[in-house]
Amino acid sequence: MYTLLIGNKNYSSWSLRAWLALSAAGIPFREEKLTLFSPAFVERLAPLTPSGTVPVLLDGDFAVWDSLAICEYVAERNPQAQLWPADSRARARARSLAAQMHSGFPHLRNALPMNIEAHLPGIAVPAEAQQDISRVQAIWQDTRAEFGSGGPFLFGAFSVADAFFAPVVSRFVTYGVAAAGPVRDYMEAVQSLPAMQAWMREAKEEHIFVPEDEPYRTHR
């Protein structure tokens with residue numbers, strides 16, 4: 001069985017991606033949660049990954065780090081989970097979107113860090129972050145229109161692409177980002193996933209202080 005090392009569920013958006021992909025697909029794994037910014041965090045990760053970040057997937061004595069690499073590895077080794085769309089064009093688009101979310105939208109990330117237990121509507125959103133928000137919402141709407149006829153997710157059935165946008169859904173809920181029509185429906189579908197509900201419930205039970213200048217350095 002795999003072991004997935006993650007950070008605190010309230011804050012670690014990168015951990016959520018890998019955790020949700022495995023959980024929603026029904027792939028068995030053991031969760032090992034590490035407290036962010038603690039000596040134990042550094043000590044546990046040091047022999048496993050040169051990045052020093054979570055998530056990390058252990059397959060026996062083999063370690064895979066980085067959320068996108070983990071999802072690719074698990075999808076390849078568990079084809080029955082169908083973590084990528086079966087159609088080649090849909091699959092290519094799903095990979096494109098996951099990669100875009102993995103490396104893009106920095107203004108959104110910085111202005112609206114993931115904080116599931118918080119409710120912070122009405123905060124001032126910089127123009128650059130608002131542009132990222134608009135781009136993400138356009139991606140959801142356009143992708144659903146082109147590929148989403150078979151179900152409520154971006155490509156109909158749940159895929160890695162949805163796992164990668166799930167933290168953004170959480171951010172939009174926390175900060176009260178306006179959503180309507182297909183965007184609102186998509187957010188509701190992601191939030192309704194039993195695995196997502198479990199993550200959010202457990203995140204709200206955590207109580208850990210994260211320094212304001214340390215929101216992203218320990219997860220990827």
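Reader: Phenylalanine 172: buried or exposed?
Author: Buried. This is a predicted model, and in it phenylalanine 172 has a relative accessible area of 1%.

Reader: How many aromatic pairs are there?
Author: The count comes to eight. Phenylalanine 172 is in one of the pairs, with tryptophan 140; the ring centres are 5.5 Å apart.

Reader: And why does that pair count as tilted?
Author: The planes of tryptophan 140 and phenylalanine 172 are at 55°. Stacked needs under 30 degrees and edge-to-face over 60, so the pair is tilted.

Reader: Which helices hold the two residues?
Author: Tryptophan 140 is in α6, residues 127-147, and phenylalanine 172 is in α7, residues 160-174. The pair therefore ties together parts 32 residues apart in sequence.

Reader: What is the relative accessibility of tryptophan 140?
Author: 0%, so tryptophan 140 counts as buried. Its ring also pairs with that of tyrosine 186, centres 5.1 Å apart, planes at 55°, again tilted.

Reader: Where does tyrosine 186 lie?
Author: In helix α8, residues 181-192. With tryptophan 140 in α6, this pair ties together parts 46 residues apart in sequence. Tyrosine 186 is buried too, at 0% relative accessible area.

Reader: Which residues make up the cluster?
Author: Trp140, Phe165, Phe172 and Tyr186, linked by ring pairs.

Reader: Switching to charges. What sits over the ring of tryptophan 14?
Author: The charged end of arginine 17, 4.3 Å from the ring centre.

Reader: And over the face of tryptophan 84?
Author: Arginine 95, at 4.8 Å from the ring centre.

Key: Residues are numbered from 1 along each chain as its sequence is written. This is a predicted model: local features need pLDDT of at least 70, side-chain atom pairs count only at pLDDT 80 or more; totals for chains, interfaces and linings use all residues. Side-chain values use heavy atoms; hydrogens and water are left out. Rings of Phe, Tyr and Trp (its six-membered ring) pair if their centres lie within 6.5 Å; planes under 30 degrees apart count as stacked, over 60 as edge-to-face and the rest as tilted. Helices (H or I, at least four residues) and strands (E, at least two) are DSSP runs, numbered from the N terminus. Buried means under 20% relative accessible area, exposed over 50%, partly exposed in between (1.4 Å probe, protein chains only). A charge sits over a ring if NZ of Lys or CZ of Arg is within 6 Å of the ring centre and within 35 degrees of the ring normal.
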